[in-house]
Amino acid sequence: MIDVTKKHVLRLAQVRAALVSGEARQLRVAAHLSVSEVASECGVDQSTIWRWENGVRTPRGKTALIYGEIIQSLRKQAAPAAKRESA
């Protein structure tokens, strides 16, 4: 059983918002990461990531939090690139 804290709940909300908006998939694709690579890092089958990104399933628990860490890292990686492009 995962220990659900306020931090975890907020992270889950952020992950789900990124999935609904399409941002999560856009970040993954922009980083040239395959569904399979992200799934492996999360410890799930690639069909799980596909289902999340296509709105078939909602991410939950520890795997959703791991996915959220990946998305957050990709955001940070994309931010400097976006600044360079707009300058």
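The protein has five helices and zero strands. Helices here are DSSP runs of H or I with at least four residues, strands are E runs of at least two, and both are numbered from the N terminus. This is a predicted model: local features need pLDDT of at least 70, side-chain atom pairs count only at pLDDT 80 or more, and totals for chains, interfaces and linings use all residues. Residues are numbered from 1 along each chain as its sequence is written, and side-chain values use heavy atoms, with hydrogens and water left out.

**Fold and surface**
- Along the sequence the pattern reads α-α-α-α-α.
- Of the 87 residues, 25% are buried (under 20% relative accessible area, 1.4 Å probe, protein chains only).
- Among contacts (heavy atoms within 4.5 Å) between residues at least 6 apart in sequence, 65% join residues at least 24 apart.
- The accessible surface is about 6000 Å² (Shrake-Rupley method, 1.4 Å probe).
- Carbon and sulfur atoms hold 53% of that surface.

**Cavity**
- The count is one cavity of 30 Å³ or more (a set of points on a 1 Å grid over the protein atoms alone, where a 1.4 Å probe fits but cannot get out).
- The largest cavity holds about 40 Å³ of space, a volume being the space filled by probe spheres set on the points, which are joined across faces, edges and corners.

**Lining**
- Arg 11, Gln 14, Val 15, Gly 68, Ile 71, Gln 72 and Arg 75 line the largest cavity (an atom within 4 Å of a point).
- Helix 1 (6-21) and helix 5 (61-86) are the elements that each give two or more residues to this lining.
- Helix 5 gives the largest share, four residues.
- By class, the lining has two nonpolar, three polar and two charged residues. Ala, Val, Leu, Ile, Met, Phe, Trp, Tyr, Cys and Pro count as nonpolar, Asp, Glu, Lys and Arg as charged, and the others, Gly among them, as polar.

Notes: On a 1 Å grid over the protein atoms alone, a cavity is a set of points where a 1.4 Å probe fits but cannot get out, and a pocket is an open set with protein on both sides within 12 Å along at least five of seven lines; lining residues have an atom within 4 Å of a point. Buried means under 20% relative accessible area, exposed over 50%, partly exposed in between (1.4 Å probe, protein chains only).
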